[in-house]
2 protein chains.
Amino acid sequence: MTTSDAGPRALAAAARLRIAVPSVADRVAAELRQQLADGVLLPGTRLTESTIAEDLGVSRNTVREAFAELAAERLVVRQPNRGVFVASLAPGDIHDVYTVRRAVEVAALRGGGTPERVAAVRAAVEEGKAAAAADDEEALGTANQHFHRAIVALVGSRRLDTIMSQVLAEMRLFFHKATVDAHFYRSYLDDNEQICAALEAGEPDRAAELLLAYLDRSEQKQSAVHGE
Amino acid sequence: MTTSDAGPRALAAAARLRIAVPSVADRVAAELRQQLADGVLLPGTRLTESTIAEDLGVSRNTVREAFAELAAERLVVRQPNRGVFVASLAPGDIHDVYTVRRAVEVAALRGGGTPERVAAVRAAVEEGKAAAAADDEEALGTANQHFHRAIVALVGSRRLDTIMSQVLAEMRLFFHKATVDAHFYRSYLDDNEQICAALEAGEPDRAAELLLAYLDRSEQKQSAVHGE
DNA sequence: TCCCGACAGATTGTTCAACAATCCGACGAT
DNA sequence: ATCGTCGGATTGTTGAACAATCTGTCGGGA
């Protein structure tokens, strides 16, 4: 009771909210996630437990726990008695991912959102423009992700946010193939601007329509690049 | 080679698609999932690793892997160095769950779906009616879940299906409190019928509107029962 | 009386070593 | 060339061990 009295109930709540120090398994998972996002580990690559355990200086069991996390996020697939492999998306999976995005993002956009959250969308759009001006393709890609994440964040749902995060993480897996074209994301700048403008103008339904068209186009592009 | 020869390529494909024998960890997770769904384990209950390991006759490490699975599904929460507890939903979480349902189910319904899949929705409706006629509240509840699962299945997206499954699993966690009222699900029978009828009539948008209203009402009820 | 710190017990987090089950590739026989 | 067989490698699972952390209790001091 150093400061104002908190009471036992508040203390219990604080305990529940205390900063959870990430476990070793979590950190291993985070490291692998990073390598997956960076394209260090390409789809289809086999991840051997003992190798990773050795490389990261942790036990095999801990690596196993990390694999369980990643498998739950679909970033990695487990083949019993064979090992885990970096997930690779079939053409059907691409459509599937976009189906989720259509459901989640359009629903989020239709809700409108508070002015503060709309401002976050705007910020992501500007971030993209700045990246384009600086010819930073890398930044352009992340700005684009921020944009879509901000759209979902409009509804303020923790669960929708994590769903979106996972979908984006999945997409990063096979986006590497697409970004060989250095100007890939640039074509989306206008779309983002228009969607954001419609949203700011208080016309969420129109914004949703624009987004829907955008997603359909994007899916087509992806499918084409992915060779189908 | 008991039956017709398949050839090496087909065999490789079969190997990839072969029925994955569930690992011990998977079976432990399944068992716990069942107990959670059945209400044997109520929200807030602490799950001690050693106890469960002993009860199910497996090693503590294996239980740990099962916990990782369940944690990824939000059915249990891990408190570092304290243990895992059966997840309990705060009032805000209830709204959050319904937010996901609104996004997913409405989007699915708007798509219409193939006649075959519409038929599956109809089947779930009839299943509910039959359960009501037989005064089987248990069956009524599962029929209701089948109904909503069938709606999502209209789009035929593996990812949306699993999202819906997880959401329903989460709901079963706190639905136990609600079903003390034996006639809880009965009130949904008419809604389901109307939604299904609109869908069959080729008016998916009207069906979506009905579902939206249904979900809002359901959320209100749940929030009320859950004491808020 | 109430608060605070130390202590003991219990539980988790992590590692290590071992072994069975399974898979993969090579090698040799037909 | 096809088919078994065998050996090596990897996974699945177990059991034990130990440090780190948490919880509750017990006593001392204000």
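**Exercise 1. Contact of helices α6(B) and α7(B)**

Determine which residues of α6(B) meet which residues of α7(B) in this predicted model, and classify the contact.

*Solution.*
Step 1. On the α6(B) side, the contact comprises B:Arg117, B:Ala120, B:Val121, B:Ala124, B:Val125, B:Glu127, B:Gly128, B:Ala131 and B:Ala132. On the α7(B) side, they meet B:Ala139, B:Leu140, B:Thr142, B:Ala143, B:His146, B:Phe147, B:Ala150, B:Ile151 and B:Ala153.

Step 2. Sorted by class, this contact has 13 nonpolar, 3 polar and 2 charged residues.

**Exercise 2. Relative orientation of the two helices**

State how the axes of α6 and α7 of chain B are arranged, and name the resulting orientation.

*Solution.*
Step 1. Two packed helices are described by the angle between their axes and the distance between the axes.

Step 2. The axes of α6 (residues 115–133) and α7 (residues 137–153) of chain B come within 8 Å and cross at roughly 170°.

Step 3. Angles over 145 degrees count as roughly antiparallel; α6(B) and α7(B) are therefore roughly antiparallel to each other.

**Exercise 3. Surroundings of B:Arg33**

Locate B:Arg33, decide whether B:Arg33 is buried, partly exposed or exposed, and list the residues that B:Arg33 touches.

*Solution.*
Step 1. B:Arg33 lies in helix α2 (residues 24–38) of chain B.

Step 2. The relative accessible area of B:Arg33 is 26%, so this residue is partly exposed.

Step 3. Leaving aside residues up to four places away in sequence, B:Arg33 touches B:Asp26, B:Glu69, B:Leu70, B:Glu73 and B:Leu75.

Step 4. B:Val76 is 43 residues from B:Arg33 along the chain, and their C-alpha atoms are separated by 9.8 Å.

Definitions and conventions:
Residues are numbered from 1 along each chain as its sequence is written. Chains are lettered from A and ligands numbered from 1 in the order in which they are written. This is a predicted model: local features need pLDDT of at least 70, side-chain atom pairs count only at pLDDT 80 or more; totals for chains, interfaces and linings use all residues. Side-chain values use heavy atoms; hydrogens and water are left out. Axes are lines fitted to C-alpha atoms, for helices over the stretch in contact, and angles run from 0 to 180 degrees between N-to-C directions. Helices (H or I, at least four residues) and strands (E, at least two) are DSSP runs, numbered from the N terminus. Angles under 35 degrees count as roughly parallel, over 145 as roughly antiparallel, 65 to 115 as roughly perpendicular and the rest as oblique. Contact means heavy atoms within 4.5 Å. Ala, Val, Leu, Ile, Met, Phe, Trp, Tyr, Cys and Pro count as nonpolar, Asp, Glu, Lys and Arg as charged, and the others, Gly among them, as polar. Buried means under 20% relative accessible area, exposed over 50%, partly exposed in between (1.4 Å probe, protein chains only).
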